[in-house]
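This briefing sets out selected features of a protein chain, grouped by topic. Please read it alongside the sequence and the structure shown here.

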Amino acid sequence: MRRLGRGRAAGLAATTVATVLALTASGCVTVHGELEVVPAATRTEAAEALTAFTDAYNAADKAFDPALDAGRVTGALGAINQAGLKSRSVTSPGGNPAHRPLRLTDARFAIPKKAGWPRWFVADTDSNRDTDSGADDTRWVLVFVRNGPEQLWEVAYLQILPAGGVPKFRTDQEGWAEPVAPDSTALAVAPKDLSEEYTSYLQTGKPAHFAAGPHTSAWREERAQIAKRPGLATQYVDQPLDTADYAPLGLTTQDGGALVFFATRFYDRQVAAKGYRPKVSPEVRALMTGEVTSTLTKEWVSSQAVLVKPAGAESDQVTIVARLQGVIAATGS
């Protein structure tokens, strides 16, 4: 039901990951500090948020209970995780018999200074879900978000990148990161345009500035092959998802570009030939309304991490370095 970059789904539930038990409202920003440029969190608060995430992940993964992290996740990750946990609570009502406690270590925090809300930061961590060397060595990258001084830290994005694949971020003399404005003209593509442009690319192949790879050209080819299967017509509809807690978030990298996280939504609709019906997995059936006779429509939320070139660079190619997606609903007819 979901894909984690480079196939590193090991150790997660088959359909989802559970996530963050957030902190009480941080004291690092006052109610009257909305116009002041300040760090989103102290480094101590960021570490505490990461510990809370790990605790919540383990509790929810062990019980397959979405109530354990409801309200502690948001945006793309929240939609994927809540649906996945709901599904697994139906297919495995006794909890997760294969639960293995998650550990996140070697945390590196990129905390931007900015005015106004939301406040957010990135945690780049090593997990016990991989090997510690070679091609299978990975990093879990989490984006924590808080929308006001009385709100809790929530995780909006999670991506799994190869070790060494997390770029170096530009920082000031005190080590605080530099956020990228959604409408930034310092980049080849403004973050606010990525969701709409990516959905357009998946449908039409344009704009052509998305670099070839498993989440672009290869995915379009895979969809084309699926659509040709005899007896089962499959259609895809892609939609941008870029407002409120699905808004893109980016940090400036040392080369003047940015690492940006953004979300999309897509549907795949399978229509079977007369006398046949689409197959429905138990995980999808747990989220389904209606009954499949000839048609199955699945709704997905997908989140991407991309490297964007600085404006004026020789190439304007946007490289998708990781993608996580999950079914959040399904309809039979």
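Among contacts in the protein chain between residues at least 6 apart in sequence, 70% join residues at least 24 apart. The model is a predicted one. The protein chain holds 5 helices and 13 strands.

**Burial and surface**

- The protein chain has 333 residues, and 52% of them count as buried.
- Its accessible surface amounts to about 14500 Å², with 51% of that area belonging to carbon and sulfur atoms.

- Asp55 is placed in helix H1, which spans residues 43-63.
- With a relative accessible area of 46%, Asp55 is partly exposed, because this value falls between the limits of 20% and 50%.
- Asp55 and Pro101 stand 46 residues apart in sequence, and their C-alpha atoms are 9.0 Å apart in space.
- Ser87 belongs to helix H2, residues 75-91.
- The relative accessible area of Ser87 is 0%, so this residue is buried, the cut-off being under 20%.
- At 2.7 Å, the side chain of Ser87 reaches the backbone oxygen of Glu283.

**Two sides of helix H4**

- In helix H4 (residues 217-227), the buried residues are Trp219, Arg223 and Ile226.
- These residues lie on the same side of H4, because they cover an arc of only 60° around the axis.
- Glu221 and Gln225 are exposed on the other side of H4.
- Arg223 lies over the face of Trp219, at 4.3 Å from the ring centre.
- Arg223 also lies over the face of Phe266, where the distance to the ring centre is 5.2 Å.

**Aromatic pairs**

- The whole structure contains 10 aromatic pairs.
- In the pair of Tyr198 and Phe210, the ring centres are 5.5 Å apart and the planes are at 50°, so the pair is tilted.
- Tyr198 lies in helix H3 (residues 191-204) and Phe210 in the loop between H3 and H4, so their pair ties together parts that are 12 residues apart in sequence.
- Both members of this pair, Tyr198 and Phe210, are buried.
- Phe210 also pairs with Tyr201: the ring centres are 5.5 Å apart and the planes are at 45°, so this pair is tilted as well.
- Tyr201 is buried, as is Phe210.
- Phe109, Phe121, Phe144 and Trp153 are linked into a cluster by ring pairs.

Conventions: Residues numbered from 1 in each chain as written. Predicted model: local features only at pLDDT ≥ 70, side-chain atom pairs only at ≥ 80, totals over all residues. Heavy atoms only, no water. Helix = DSSP H or I, 4+ residues; strand = E, 2+ residues; numbered from the N terminus. Buried < 20%, exposed > 50% of the residue type's maximum accessible area, 1.4 Å probe, protein only. Polar contact = N/O pair within 3.5 Å; in protein donor to acceptor, adjacent residues only side chain to side chain. Contact = heavy atoms within 4.5 Å. Areas by Shrake-Rupley, 256 points an atom, 1.4 Å probe, with all protein chains shown as cover. Arc of directions from axis to C-beta. Phe/Tyr/Trp six-rings, centres within 6.5 Å; stacked < 30°, edge-to-face > 60°. Lys NZ or Arg CZ within 6 Å of the ring centre and 35° of its normal.
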